[in-house]
Amino acid sequence: MQLTSNEKNEYKVIEFEGSLDTATSPAVEKQINEFIDQGTLKFVFNFEKTKYMSSSGLRVLLATAKKLKGKGELKISNLNEVITEVFDVSGFSTILNVYKTEEEALS
Amino acid sequence: MNALKKILVVDDEPLNINILVELLKGKYKMMAAKSGLQALKAARSSNKPDLILLDIMMPDMDGYEVCRQLKEDEKTKDIPIIFVSAMSEDMDETKGFDVGAIDYITKPISPKTLESRVHTHLALTQQAVELREAHALIQQQQQRMQDELNVARDIQLSMVPTTFPQDEAIEVYATLKPAREIGGDFYDAFMIDSESLCLCVGDVSGKGAPAALFMAMTKTLIKSYASSDFSTASIMTRVNDELCEGNDENLFVTVFLAILNIHTGELRFTNAGHNYPYLIRENKSLLTLNQKHGPIVAAMDGLVYKEDLITLEKFDTLFLYTDGVTEAMNPEEELYGEKRLENFLLEHDCKEVKTSIDLLMKDISTYENSASQTDDITVLSCFYSGQSVLASLTISIENQLDNIRLITEGFDTFCEENKISDTPNQKVNLALDDLINNIISYGYKDNKVHTINVAFKRLEDELIIIIEDDAMPFNPFDGGTDNTHLSIDEREIGGLGIHLVKNLMHSCQYQRKANKNIVVLTIPL
């Protein structure tokens, strides 16, 4: 999984390319934690180029959301059809801030 | 001629002994004892008496004590004892009966009274012995009958299969619930070759061991002829001739026999006096297969049976049963009946063969309520999906988390090659990631290398995924409550993967086979 990050409107926008699963989640979590440790507290996660996300990936999102709670922001955007279903089935769509597009998340 | 009965006379007065011996010696063999101890010794000897005339007042050990000791001893307790004494007060008599005497004679002795009492008690004792023997014999017979029933039940249940042929094109399930007095039902379902599925249901007349043995014979003959003969009419004709030979018990059997080509849906069948099966169509219409092809089997030799050929439509379900279903009775002695059965079949999803049969058996039990089941109940369902495998792939990996990607990537390629769209592709990858992660992370207690196999089968409009591992027994779909309604703080991390798999797949099944966990997932394409 490839992570690309850009600073936009006070947010760190991260694009996830590939699949967020057992194999890729540990490295992704490490990378996000480094950003937080460096002082970044406002994120937009753009999953436009993510094929699928297993529960390992959901765990990373949940852990990140817990870390940022009360002191930062986590916005999620550009979920594909299957990940949207996964978010609905898992209840993540109600506990995370999900936006259709990156623009909506930033505005 | 019976040997003379032996009578022991116990008295410390030789004169008294002589009187009694003289009175009885013509009809009985007489024995004598002059003290309580001698009496006990004589009664416990191998030559023990059939009756004892016992004096009460004796030095050292009185008659009561002798009687009490004899009655306590398992070997002597059945010897009838009559007290003979000069004392005639009520108290003494009562005491005598209390210690176990059967009668009481007071001196002076009337010869007639003595003779008749001795005779009566010997006869009574003899009758009691005979009664006991008769009772033991009856119990033995009852046990034998029960054993026979148990044997019959064992034969019956061991003869019918509990695992069924597996193929993408079909799904078969059957069950047999024996009545208390075995009725001789049977069913069978087996693949004759890679495309021919043989199904049969039968009901032997009569009950118990003969019926069970006849059923075993019928079933075995059908299976052996079916291996080389694809005409149900021909099979039935041969089975009939074979069973007629040496059928001294005049048993007979009703049989419905069918051979289904699982690739074309062609169903060849012969109904020999059996109740009509149903064909349940996907649009929930019910078709009765009311063709008759000959009488009951084993009644008359030389008969030639006929057969019919129909073609099943995809998603048809063939339902076979025995009359134990429709003739099940409630406590008011009303039958379960065909109408009720037909309604049940129309109201339930019969394509789910096991679920629907389990529900039907439950419905019948509920209907019977407290009434006992009088006949065997047998049902067999065969769902014909008509699906065939267009492409398949098996990937094997060693139990390392990094290897999961070999499976998901291999599956991605399989999807491209076989025109499987992104949505099912992504859902299956998610399911594989979560399930195999669980197996590798929690399934193995040793540090050895294990193999996990994943097979993909692409049917026309469905994909089947089979995950096979030799980890410890674990059914991932068993229980587990999801916590998806909880807020971010309350969320426990874990257990979510299975919840996702259950929701994203069309069906998830688990079974433990030998030392393997087998998970089967399906998803529509």
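Which way does H11(B) pass H12(B), in a right-handed or a left-handed crossing? Some notes on this and the rest follow.

1. Ground rules. This is a predicted model, where local features need pLDDT of at least 70, side-chain atom pairs count only at pLDDT 80 or more, and totals for chains, interfaces and linings use all residues. Residues are numbered from 1 along each chain as its sequence is written, while chains are lettered from A and ligands numbered from 1 in the order in which they are written.

2. The helix pair in the opening question. H11(B) passes H12(B) in a right-handed crossing (right-handed if the near helix is turned clockwise from the far one by less than a right angle, left-handed if anticlockwise). Helix H11 covers residues 404-417 of chain B and helix H12 residues 422-442, and they pack at about 160 degrees with axes 10 Å apart. Axes here are lines fitted to C-alpha atoms, for helices over the stretch in contact, and angles run from 0 to 180 degrees between N-to-C directions. H11(B) and H12(B) are therefore roughly antiparallel (angles over 145 degrees; under 35 is roughly parallel, 65 to 115 roughly perpendicular, and the rest oblique). Helices are DSSP runs of H or I with at least four residues, strands are runs of E with at least two, and both are numbered from the N terminus.

3. What touches what there. Contact means C-beta atoms, placed from the backbone, within 7 Å. The residues of this contact split into seven nonpolar, four polar and two charged. For the classes, Ala, Val, Leu, Ile, Met, Phe, Trp, Tyr, Cys and Pro count as nonpolar, Asp, Glu, Lys and Arg as charged, and the others, Gly among them, as polar.

4. H12(B) also meets chain A. H3(A) packs on H12(B) at about 45 degrees, with the axes 9 Å apart. That makes H3(A) oblique to H12(B). Glu81(A), Val82(A) and Val86(A) of H3(A) make the contact with Thr423(B), Gln426(B), Lys427(B) and Leu430(B) of H12(B). H3(A) passes H12(B) in a right-handed crossing too.

5. The contact between the chains. Chain A puts in 23 residues and chain B 24. Strand E4 (50-53), helix H2 (55-68) and helix H3 (81-90) of chain A each supply at least two residues of the side of chain A that touches chain B. H2(A) gives the most, with seven.

6. Chain A itself. It has five helices and six strands, and 42% of its 107 residues are buried (20 or more other C-beta atoms within 10 Å of the residue's own, with C-beta atoms placed from the backbone). Strands E3 (residues 42-46) and E5 (residues 73-77) of chain A pair in the parallel sense over five bridges; strands pair if DSSP finds at least two bridges between them. Three bridges join E5(A) to strand E6 (residues 97-99) of chain A, again parallel. Ser77(A) has Asn46(A) as a bridge partner and pairs with Tyr99(A) in E6(A).

7. The chain B sheet. Five strands form an open antiparallel sheet in the order E8-E9-E10-E11-E14. E8 (185-191) and E14 (308-311) of chain B stand at the edges with a single partner strand each, so one side of each lacks a neighbour in the sheet. Nine bridges join E9(B) to E10(B), including the pair Val204(B) and Val253(B). Helix H6 (residues 208-226) of chain B packs on this sheet and touches E8, E9 and E10.

Technical notes. Two residues are in contact if their C-beta atoms, placed from the backbone, lie within 7 Å. A residue is buried if 20 or more other C-beta atoms lie within 10 Å of its own, exposed if 12 or fewer, and partly exposed in between; C-beta atoms are placed from the backbone.
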